[in-house]
Amino acid sequence: MSRVAVVCAYNPRNSGMYSVDLAARHFFASLGIEHELCVTQNRTKVASLRYRLVRGVDDLRGFDAVVYWGDFLNNPMWGAGDYAEREVKHHGASGLSEGFERWRQLYLQAGSGLPQSTRIFSFGGCFMGMERALEDASVRASMHEFLQRASAVVVRDPLSFEALSRLDDGDSKVSLGFDCASLMPARGRGAWRGRYFAHSFGRSMDDETVRTLVGAIERETGLRGVAVDWLFARWPKRFTHAKFALNLALMRHARFCVTDTYHFAINS
């Protein structure tokens, strides 16, 4: 039986990313595939989920396949930004350039350091925003290397599909697919239990704009707006799963949900 390394995103105790990783566990287990959830930076436990810490390509040897699971993992914008900054802060990189090179070795060039029989996949990723990074010829070459080595790259949105298709050399590995959180176990249909709507904002508006918008919706509908603490946990770690379940219940029993946050919308 194949052994699969499922490389997950760093999770700052964000409900959306937690749902993505829960979906990985459910999806591979339901198919009977032996798998191990992996992270490449410093949090190896989130609620009931456990991860192998992978700090170099050699840590992926022994797996028959490597699956990059969701988020911006193979996007050089993420590598140069969030990833490189955490390498400096938590893993001793001397600067952002070194942090980015560590990302590149693990997320674009891992295939060159693994046996040719090891298959590489990227599922549910987002590649929007990478144009500036690709102005660097070496980064662009690394993206080509990644696309040529991968068995399949299934992206979550049309803009990512367009961006990668422009880089493709005709032997297409890229297809438009799904967000990984959509593979969560099916839940019951929504059932209203109160005159309220659920909302979560944090991607596009300041607090004053959110208050104005929620107030306007309340006046228009006669419903009370209930905020869902979705993006950044403000509760003890031991309550992570219980809080996630409460968030889902608030969303399920609301009359409707309003958000500017991607995985809140998927989970709603």
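Analyst: A nonpolar core here is a set of buried Ala, Val, Leu, Ile, Met, Phe, Trp, Tyr and Cys residues joined through side-chain atoms within 4.5 Å, where buried stands for under 20% relative accessible area, exposed for over 50% and partly exposed for what lies in between (1.4 Å probe, protein chains only). The model is predicted, so local features need pLDDT of at least 70 and side-chain atom pairs pLDDT 80 or more, while totals for chains, interfaces and linings use all residues. Residues are numbered from 1 along each chain as its sequence is written, and side-chain values use heavy atoms, without hydrogens and water.

User: How many residues does the largest nonpolar core have, and which have the most contacts inside it?

Analyst: That core has 71 residues, and Tyr 68, Trp 69, Tyr 107, Val 153 and Leu 164 have the most contacts inside it. Helix H1 (residues 15–30) gives the largest share, 7 residues. Apart from this core lies another one of 7 residues, including Phe 197, Phe 201, Ile 217 and Val 258.

User: What is Val 153 in contact with, leaving aside its neighbours within four places in sequence?

Analyst: Contact is counted for heavy atoms within 4.5 Å. On that basis Val 153 meets Ser 122, Phe 127, Phe 146, Leu 147, Leu 164, Lys 173, Val 174 and Ser 175.

User: What makes Asn 247 buried or exposed?

Analyst: Its relative accessibility is 0%, so Asn 247 counts as buried. Asn 247 sits in helix H7 (residues 240–252). Not counting residues up to four places away in sequence, Asn 247 touches Ser 15, Val 228, Asp 229 and Trp 230.

User: What is the strand order of the open sheet, and how do the strands pair?

Analyst: Helices (H or I, at least four residues) and strands (E, at least two) are DSSP runs numbered from the N terminus, and two strands pair if DSSP finds at least two bridges between them. The open sheet has 7 strands in the order E5-E2-E1-E6-E7-E8-E9, with parallel pairing.

User: Why are E5 and E9 called edge strands?

Analyst: Strand E5 (52–53) and strand E9 (174–176) each pair on one side only.

User: How do you know that E2 and E5 pair?

Analyst: They are joined by 2 bridges and run parallel; the rule asks for at least two, so E2 and E5 count as a pair. Val 39 stands opposite Leu 53 in E5.

User: How many bridges join E1 to its partners E2 and E6?

Analyst: E1 and E2 pair in the parallel sense over 5 bridges, with Glu 34 in E2 as the bridge partner of Arg 3. From E1 the chain crosses through H1 to E2 in a right-handed β-α-β crossover (with the strands pointing away from the viewer, the path from the first strand over the helix to the second runs clockwise). Strand E1 (residues 3–7) is also joined to strand E6 (residues 65–71) by 4 bridges, again in parallel, and Val 67 in E6 is the bridge partner of Val 6.

User: Which strands does helix H4 lie across, and at what angle does it run to E7?

Analyst: Angles run from 0 to 180 degrees between N-to-C directions, with axes fitted to C-alpha atoms, for helices over the stretch in contact. Helix H4 (residues 137–149) lies across E6, strand E7 (119–125), strand E8 (152–155) and E9, at about 110 degrees to E7. Helix H5 (residues 158–167) also packs on the sheet; H5 touches E7, E8 and E9, and its direction makes about 160 degrees with that of E9.

User: Why is the contact between Arg 3 and Glu 34 called a salt bridge?

Analyst: A salt bridge needs a side-chain nitrogen of Lys or Arg within 4 Å of a carboxyl oxygen of Asp or Glu. The N to O distance for Arg 3 and Glu 34 is 3.3 Å, so the pair qualifies. Arg 3 lies in strand E1 and Glu 34 in strand E2 (residues 34–39), so the pair ties together parts that are 31 residues apart in sequence. By this rule the count comes to 10 salt bridges.

User: What are the relative accessible areas of Arg 3 and Glu 34?

Analyst: Arg 3 has 25% and is partly exposed; Glu 34 has 38% and is partly exposed.

User: How far apart in helix H3 are Arg 102 and Glu 98?

Analyst: They are 4 residues apart in helix H3 (residues 96–107), about one helical turn. Arg 102, at 23%, is partly exposed, as is Glu 98, at 30%.

User: What makes Arg 211 buried or exposed?

Analyst: Its relative accessible area is 53%, so Arg 211 is exposed. Its salt-bridge partner is Glu 208, at 2.9 Å, N to O. Glu 208 is partly exposed at 47%.
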